[in-house]
Amino acid sequence: MRDAVGKLLLFGATGDLSQRMLLPSLYGLHADGLLPDGLTITGTARSEQSDEEFRAFTKQALDTHLPDDRKGEEAIEGFLARLHYQPLDASTIEGFDALAAKIGDVSGGLAIFLSTAPWLFGPTIKGLQSAGLAGDNVRIGLEKPLGKDLGSSREINDIVAAAFPEERTFRIDHYLGKETVQNILALRFGNSLFEPIWNARGIDHVQITISETVGLEGRAGYYDEVGALRDMVQNHMLQLLALIAMEPPASFDGTAIRDEKVKVLRSLRPISVADVPHLTVTGQYDAGAIKGEIVRGYDEELGKDSRTETFVALKAHVDNWRWQGVPFYLRTGKRMPERRSEIVIQFKPVPHSIFADRGGVLQPNVLVIRLQPEEYVRLLVMAKQPGLDRDGIRLREVPLNLGLDQEFAGTRRRIAYERLLLDLIEGDPTLFVRRDEVEAQWQWIDAIRAGWDASDVKPKNYQSGSWGPSSSIALTERDGVTWNE
């Protein structure tokens with residue numbers, strides 16, 4: 001085992017994220033024997049609860065969110081025995097000494113998972129320091145949002161850095177915990193097939209789509225302040241772009257991988273005020289139907305008029321030797337026809353077709369990396385259709401599929417937070433985001449928002465259940481490209 005700690009502290013332990021993801025993930029690690037023996041988990045939040053009440057709360061969360069085949073009574077009881085609870089108002093310093101007393105001796109190491117409102121970061125860090133919970137053997141995991149622009153992100157990072165140096169700070173992007181996202185590294189750097197053509201000579205363009213069918217879902221106050229660009233593009237989508245575009249790292253090591261990712265993020269061509277109308281599209285969903293169910297428009301759902309974007313499409317470029325001239329099309333939105341996260345790599349056509357005189361029509365190869373809801377890697381290749389072909393050869397595009405669910409049917413598909421929580425407990429930073437990455441992402445995003453403000457961009461309305469404003473189609477089709485749908 002790596003540098004595992006003996007104790008874990010969860011802020012926001014009674015919140016929605018904790019119930020849906022964190023507690024089930026920690027239980028999954030416990031049930032599979034992956035948590036260190038003797039690891040204790042202390043939850044804290046504003047609500048007054050005893051240890052037993054928190055254990056009952058957790059049991060209810062597990063009953064609600066775990067699949068039936070994972071509910072082992074003995075395993076659940078063993079997990080609940082690890083749990084403790086201490087109420088705390090993180091906005092005041094008074095309760096932190098009691099929290100430290102509840103946790104007890106941290107000489108064996110402490111990991112803190114901080115999932116609070118950004119304005120609570122300062123008081124929380126000061127409280128942890130005052131109570132002796134920020135020493136050399138304490139590391140902290142930070143859940144987004146980490147600011148709303150470069151300035152506020154730097155503020156938060158400075159506050160955290162005053163108590164926790166970079167090597168003990170673990171910024172979480174849950175997309176990096178997904179198996180298929182990690183498989184991008186295996187696909188690129190574990191196979192000799194792709195790397196020779198993984199560049200501007202072999203790839204025509206890249207598409208990244210993250211679409212959601214849901215609307216605000218109880219996040220109205222937060223979402224209306226940030227919008228799709230900050231909520232999805234700044235973190236998840238730019239991290240996916242960096243993994244696709246990065247140079248081969250020297251080793252599978254947290255420092256080496258993150259060094260290469262930040263080079264990509266710093267190479268993103270800024271989208272200027274003059275470029276905003278041609279390289280970006282914003283939208284906001286109107287009323288419509290999702291899977292046959294009538295849904296309200298954004299303003300109606302919010303209860304007021306708003307110019308917050310719920311859809312963004314962008315054309316980005318990475319200005320370096322490998323990717324010069326290759327467009328990266330990014331698209332994300334709410335109230336889309338289906339839930340989907342995928343990366344599409346469109347390769348260039350063969351330089352000369354020997355089949356043209358025989359009636360054969362070639363399509364360029366396409367690699368589809370589907371992250372959710374299914375998880376698969378699919379390569380579309382050309383093959384000859386069976387037959388005598390006396391009047392010409394007939395070719396057809398056929399898929400070569402690697403369905404991860406089928407290929408690894410005996411392996412349980414884990415929640416992304418299981419991997420991230422285990423890495424936090426064991427001190428492996430590879431799948432966490434470094435400060436220079438975050439700031440490079442914000443710098444690129446802030447330039448886009450500045451361009452929108454300068455051009456007084458107002459989101460175009462699109463019907464719920466559609467793929468966004470028609471101008472998002474024009475964004476790609478003016479280059480002869482069609483979104484993968």
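In the predicted model, R335 is found in the loop that runs between β11 (327–333) and β12 (340–347). The residue is not a glycine, yet R335 has a positive phi of about 55°. With a relative accessible area of 13%, R335 falls under the 20% limit and therefore counts as buried.

A second residue with this backbone feature is K291, whose phi is near 50°, a positive value in a residue other than glycine. K291 lies in the loop between β8 (280–290) and β9 (293–295). Its relative accessibility is 73%, over the 50% limit, so K291 counts as exposed. A further backbone feature concerns the peptide bond from Q372 to P373, which is cis, with omega near 0°. P373 belongs to the loop between β13 (366–372) and β14 (376–384).

Nonpolar packing was examined next. The largest nonpolar core comprises 108 residues, and F328 and L367 are those with the most contacts inside it. Helix α8 (residues 220–245) gives the most to this core, contributing 13 residues. Another core, of 27 residues, lies apart from it and includes F96, L99, F121 and L146. In soluble globular proteins, nonpolar side chains tend to be buried together. Leaving aside residues up to four places away in sequence, L367 touches L187, F194, W198, I343, V344, I345, F347, V377, R378 and L379. Helix α8 itself is mostly covered, with 22 of its 26 residues buried. A bend of about 100° occurs in α8 at G227.

Aromatic rings form 10 pairs in the structure. One of these joins F170 and F432 in an edge-to-face arrangement, with 5.0 Å from centre to centre and 85° between the planes. F170 lies in strand β6 (residues 169–171), while F432 lies in the loop between α13 (416–426) and α14, so the pair ties together parts that are 262 residues apart in sequence. Both partners are buried: F170 has a relative accessible area of 2%, and F432 has a relative accessibility of 1%. Elsewhere, F54, F57 and Y85 form one aromatic cluster.

Charged side chains are also placed over aromatic rings. The charged end of K178 sits over the ring of Y175, at 5.1 Å from the ring centre. For R378, which is among the residues touched by L367, the charged end sits over the ring of Y376, at 4.4 Å from the ring centre.

Helix α14 (residues 435–455) includes R435. The side chains of R435 and E439 are joined by a polar contact of 2.7 Å. When residues up to four places away in sequence are not counted, R435 touches R154, N157, D158, A161, E166 and R171.

K460 lies in strand β16 (residues 460–464). Its relative accessible area of 45% lies between the limits of 20% and 50%, so K460 counts as partly exposed. Residues touched by K460, apart from those up to four places away in sequence, are T282, G283, Q284, P469 and S471. K460 and F311 are 149 residues apart in sequence, and their C-alpha atoms are 9.1 Å apart in space.

W483 lies in the segment after α15 (470–477). The relative accessibility of W483 is 5%, under the 20% limit, so this residue counts as buried. With residues up to four places away in sequence left out, W483 touches Q207, T209, A313, Y329, L330, R331, S472, I473, L475 and T476. Within this set, S472 is 11 residues from W483 in sequence and 9.1 Å from it in space, C-alpha to C-alpha. A polar atom of the W483 side chain lies 2.9 Å from the backbone oxygen of S472.

Conventions: Residues are numbered from 1 along each chain as its sequence is written. This is a predicted model: local features need pLDDT of at least 70, side-chain atom pairs count only at pLDDT 80 or more; totals for chains, interfaces and linings use all residues. Side-chain values use heavy atoms; hydrogens and water are left out. Helices (H or I, at least four residues) and strands (E, at least two) are DSSP runs, numbered from the N terminus. A polar contact is a pair of N or O atoms within 3.5 Å; within protein, one must be able to donate a hydrogen and the other to accept it, and residues adjacent in sequence count only if both atoms are side-chain atoms. Contact means heavy atoms within 4.5 Å. Buried means under 20% relative accessible area, exposed over 50%, partly exposed in between (1.4 Å probe, protein chains only). Rings of Phe, Tyr and Trp (its six-membered ring) pair if their centres lie within 6.5 Å; planes under 30 degrees apart count as stacked, over 60 as edge-to-face and the rest as tilted. A charge sits over a ring if NZ of Lys or CZ of Arg is within 6 Å of the ring centre and within 35 degrees of the ring normal. A nonpolar core is a set of buried Ala, Val, Leu, Ile, Met, Phe, Trp, Tyr and Cys residues joined through side-chain atoms within 4.5 Å. The bend at a residue is the angle between axes fitted to the seven residues ending there and the seven starting there.
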